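Please find below a colleague's note on the structure shown here. The points are numbered so that each can be taken up separately.

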Amino acid sequence: MDRQLSDDLESRIRSNDSTLTTIEITRPVAPVLSRLCELLTNNTTIRKITLNYCNLQSDDISTLANTIATSPIPLRILSLSNNPIGTKGAIILARLLDVKTTIRELYLANCSIQWKGARVLSKSLKNLSLIDISLNPIGNNGTVQILHNT
């Protein structure tokens with residue numbers, strides 16, 4: 001299963017299985033990210049996606065964010081911690097938060113986000129009840145931006 005999603009998981013996502021509300025992958029996902037996004041395009045059951053430790057880059061975040069933004073998925077929790085998405089990835093996610101207002105929790109711990117990324121994210125916090133940007137080098141400027149807009 002290292003290079004593909006299981007047939008069972010694919011079938012459950014595709015069929016909008018009402019018992020499948022969470023997807024959690026904690027290994028490099030790049031080989032299957034496009035397939036996962038394709039399956040999520042028409043999904044209406046997934047409320048939580050966890051892709052921690054998946055070595056996602058900003059280009060991967062762009063692919064995922066575009067899928068989430070344009071699909072009917074009722075996503076409430078997005079966890080992308082411990083991926084090197086950087087400031088560019090944070091900017092992409094800020095745009096996603098403006099479009100996908102169902103997202104209430106965003107986990108971005110240890111994602112190499114600089115203060116500029118924190119500044120852009122801070123402008124898109126209105127619908128969030130929780131954001132975790134711990135272990136990022138945002139410095140005092142980024143911290144002030146986040147606190148000012150919460």
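The points below concern confidence, helix packing, cysteines and backbone geometry.

1. Model and confidence. The coordinates are those of a predicted model. The chain has a mean pLDDT of 90, and 94% of its residues reach 70 or more. Confidence is highest in strand S3 (residues 77-79), at a mean of 98, and lowest in helix H6 (residues 139-148), at 70. Where pLDDT is low, the predicted coordinates should not be read in detail.

2. Packing of H2 with H3. Two packed helices are described by the angle between their axes and the distance between the axes. For helix H2 (residues 30-40) and helix H3 (residues 58-70), the angle is about 10° and the axes lie 9 Å apart. Angles under 35 degrees count as roughly parallel, so H2 and H3 are roughly parallel to each other. On the H2 side the contact is made by Leu-33, Cys-37 and Leu-40; H3 contributes Asp-60, Thr-63, Leu-64 and Thr-67.

3. Packing of H4 with H5. Helix H4 (residues 86-99) packs on helix H5 (residues 115-122) at an angle of about 0°, and their axes are 8 Å apart. H4 is therefore roughly parallel to H5. From H4, the residues in the contact are Thr-87, Ala-90, Ile-91, Leu-93, Ala-94 and Leu-97; from H5, they are Lys-116, Gly-117, Val-120 and Leu-121. Seven nonpolar, two polar and one charged residue make up the contact of H4 with H5.

4. Leaving aside residues up to four places away in sequence, Thr-87 touches Ser-112, Ile-113, Gln-114, Lys-116 and Gly-117. The C-alpha atom of Thr-87 is separated by 35 Å from that of Asp-7, a residue 80 places away along the chain.

5. Cysteines. How many disulfides does a search of the whole structure find? The search returns zero. For Cys-37, the closest cysteine sulfur is that of Cys-54, and because the two are 12 Å apart they are too far for a bond. Cys-54 is likewise in no disulfide; the nearest cysteine sulfur to it belongs to Cys-111, at 11 Å. Cys-37 counts as buried, at 4% relative accessibility, and Cys-54 is buried, with a relative accessible area of 1%. Cys-37 is also one of the H2 residues that make the contact with H3.

6. Positive phi angles. Which values of phi deserve a check at Tyr-53 and Asn-110? Phi of Tyr-53 is near 60°, a positive value in a residue other than glycine. Tyr-53 is placed in the loop between strand S2 (48-50) and H3, and at 54% relative accessibility Tyr-53 counts as exposed. Phi of Asn-110, also a residue other than glycine, has a positive value near 55°. Asn-110 is found in the loop between strand S4 (105-107) and H5, and at 36% relative accessibility Asn-110 counts as partly exposed.

Definitions and conventions
Residues numbered from 1 in each chain as written. Predicted model: local features only at pLDDT ≥ 70, side-chain atom pairs only at ≥ 80, totals over all residues. Heavy atoms only, no water. Disulfide = S-S within 2.5 Å. Buried < 20%, exposed > 50% of the residue type's maximum accessible area, 1.4 Å probe, protein only. Axes fitted to C-alpha atoms, helices over the stretch in contact; angles between N-to-C directions. Helix = DSSP H or I, 4+ residues; strand = E, 2+ residues; numbered from the N terminus. Parallel < 35°, antiparallel > 145°, perpendicular 65-115°, else oblique. Contact = heavy atoms within 4.5 Å. pLDDT = per-residue confidence, 0-100. Nonpolar A, V, L, I, M, F, W, Y, C, P; charged D, E, K, R; others polar.
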